[in-house]
Every structure is written in structure tokens, then in C-alpha cells.
Amino acid sequence: MTQTAQALPSAALPDDFRIEPQQAPLGARVHGLDARQAPSAAQILQLKQALRDHHILIFRGQQLDDGQFLRFTSWFGSVFQPHPDFPVLSSGADGKAPDIVKVANAEDGELGNSELSAHSDHQWTPTPSSGSLLYAQEVPRDGGETLWTNLALAYDTLDERTKAEIEGLRLINYNPFVRLRSGDYGRMGEITYRTPDIEPIQGTEHPLVRTHPESGKRLLFLGARTEVELVGVEPQYGQALIARLREHLARPELSYTHRWQVGDIVYWDNQATLHARNAFPADQRRRLHRVSLAGSRPF
């Protein structure tokens with residue numbers, strides 16, 4: 001059985017607007033905002049500050065068509081488009097991606113029903129997206145939760161010796177869509193560290209420790225399984241260091257797991273988080289719409 005977009009709760013009144021931080025390593029719940037209506041200037045500023053502080057914002061009980069969803073996302077930035085010749089999810093033959101990506105295991109959707117490891121979207125491109133908004137249309141009864149990891153907290157909780165060890169290191173993230181096996185989305189980046197006997201593929205070099213362009217927070221900018229290589233570092237040492245950092249990123253005290261409800265919109269800062277997905281049964285439908293926002297070159 002799958003929940004569908006029927007019998008949604010009515011949107012809260014504007015004078016109920018408030019942002020409530022979660023009792024979790026990241027995230028805040030937004031109350032009293034109907035995404036079909038233009039937010040006030042004060043509300044937009046509060047939402048942007050809350051995203052900087054909490055990294056993900058959760059809006060429940062929304063009822064939007066695609067045009068209304070795109071209009072809502074435009075308060076926070078313009079739609080991400082990939083660089084020419086850098087394939088991303090839903091890239092067409094012309095290299096462009098649709099404004100709304102359909103993340104679904106049915107019809108014209110993407111990503112099926114398998115588990116997806118923790119990653120930052122478009123990290124292998126020159127200018128990864130700044131954030132994304134995912135809107136739930138249908139959700140499975142079992143599984144399909146999304147887990148977000150706080151990369152600022154991940155960096156802050158490293159020991160001082162490790163912080164000194166990784167200071168100034170540069171990381172190449174290789175494009176999983178270049179080497180992607182047919183339908184094997186759940187195992188993107190099966191080779192997690194490139195060694196000299198593996199042919200180079202398309203990738204982009206970014207700092208391993210990234211500075212958030214708005215908050216100034218320092219972030220451990222590394223995915224859980226994507227194929228990577230540390231620049232100018234001996235491969236065996238680099239592989240061991242990446243494995244150690246990924247073990248740290250997997251600590252449960254750095255993450256929040258979201259159990260989806262129909263009508264949820266989750267807006268996450270792609271610069272400060274990783275996100276992953278639990279598997280769910282293939283006979284249960286999961287359909288969400290995603291809009292990603294343009295970003296800048298990491299520094």
C-alpha cells in the first residue's frame with residue numbers, strides 16, 4: 001500500500017508562522033507557511049537564516065502543482081543546470097536537466113527503489129548545487145526514508161590531529177554517471193579510491209575541507225562511497241585516510257532520518273550535508289519531485 005496525495009491537512013494560517021529546531025543533529029520544522037502563497041520578506045529572511053543554522057528545513061502538509069513548486073523554490077535561488085559534458089541525474093542528450101527531476105520507482109521516474117549511499121549532489125561538477133527541495137507526492141508504507149548528515153558537525157567533531165592532517169588537502173570527485181552500470185544507482189562509486197592501475201575518468205577537484213559561502217562554517221566535503229582521489233597524496237595513505245574519514249561520517253550522532261509523509265517538502269543545504277536513502281519494496285510506489293538550486297565553486 002502506498003500513501004497518495006489525498007486528504008492532506010489544510011495549510012496553517014500565516015499568523016502561525018514559526019521555525020522550530022529539531023531535537024536532532026540538524027534540521028528545523030517550519031510551521032504556518034503555505035508554499036502556494038508568496039512569503040513575506042521577513043519570512044524569507046528567517047528561512048534563509050534557519051537553513052544556514054540548521055541545514056535542512058521541513059515543511060509539512062503542502063499541496064502544490066509543478067508551477068507552484070517552482071515558484072516557491074525561486075525564493076531561494078535559480079534552478080541548477082549542469083555544465084556542458086558533465087552528466088548528472090536526468091541529463092538529456094543535449095546535456096541539460098529538467099527543472100523538476102522526478103525521483104520515483106514508476107513511470108518516468110529516476111533511481112528505482114534501492115538503497116542510495118550518502119552523497120552530496122553534483123559534487124563532481126565545477127559548481128555543485130547549493131541546495132535542493134524535494135516534494136513528496138507518494139510514499140511507501142515501508143522504507144524509503146532519507147537520512148541527512150551534518151558536514152559542519154562532522155568537521156567540528158574531528159580530533160585536532162586529524163584536522164591538521166587534512167588541512168589544505170584537495171579531493172577529486174569522479175563522476176558516477178560516466179562509469180555507471182545500467183540501473184545500478186544504489187552502488188554508484190563502487191570503486192571508492194582511485195589508484196594508479198585504474199583509468200582516470202571525469203572529475204573535478206575541490207577542497208576536502210570546504211568553507212560554507214554564507215555561514216563561514218568549515219565542512220568535511222566528502223561522500224560515503226563516491227569515487228575519489230586525494231591530490232598529491234600517496235595512494236595507500238590516501239585510501240586509508242578516506243576510509244577513516246568515512247567511518248567518522250557514518251556516526252549516527254551526526255545524522256537525522258526523515259520518515260516521509262505525503263505533502264512534505266524538505267529543503268536541504270547541499271553544501272553542508274550528505275543525504276542517503278533507505279531501500280523500499282519494489283511493489284510500493286515512491287514519487288517525489290526535486291528542484292536543485294545553482295551553486296558556486298567550493299573554496
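## Charges over rings

A charge is said to sit over a ring if NZ of Lys or CZ of Arg is within 6 Å of the ring centre and within 35 degrees of the ring normal. In this predicted model, the charged end of R210 is placed over the ring of F221, 4.8 Å from its centre. K163 lies over the face of Y155, at 5.0 Å from the ring centre.

## Basis of the description

The model is predicted, and local features need pLDDT of at least 70, side-chain atom pairs count only at pLDDT 80 or more, and totals for chains, interfaces and linings use all residues. Residues are numbered from 1 along each chain as its sequence is written, and side-chain values use heavy atoms, with hydrogens and water left out.

Helices (H or I, at least four residues) and strands (E, at least two) are DSSP runs, numbered from the N terminus. Strand β9 (residues 146-150) has four of its five residues buried, so it is largely enclosed by the rest of the structure. Buried means under 20% relative accessible area, exposed over 50%, and partly exposed in between (1.4 Å probe, protein chains only).

Two strands pair if DSSP finds at least two bridges between them. β9 pairs with strand β15 (residues 255-258) in the antiparallel sense over four bridges, and L147 stands opposite T257 in β15. β9 also runs antiparallel to strand β17 (residues 273-277), joined to it by five bridges; here T149 has L274 as its bridge partner.

## Aromatic pairs

The structure holds six aromatic pairs. Rings of Phe, Tyr and Trp (its six-membered ring) pair if their centres lie within 6.5 Å; planes under 30 degrees apart count as stacked, over 60 as edge-to-face and the rest as tilted. The rings of F69 and Y135 have centres 5.5 Å apart and planes at 50°, so this pair is tilted. Because F69 lies in helix α2 (residues 66-73) and Y135 in strand β8 (residues 131-140), the pair ties together parts that are 66 residues apart in sequence. Both F69 and Y135 are buried.

F76 and Y267 form a tilted pair, 4.8 Å centre to centre with 40° between the planes. F76 lies in the loop between α2 and β5 (101-104) and Y267 in strand β16 (residues 265-269), so parts 191 residues apart in sequence are tied together. F76 and Y267 are buried. Ring pairs also link F59, F72, F76 and Y267 into a cluster.
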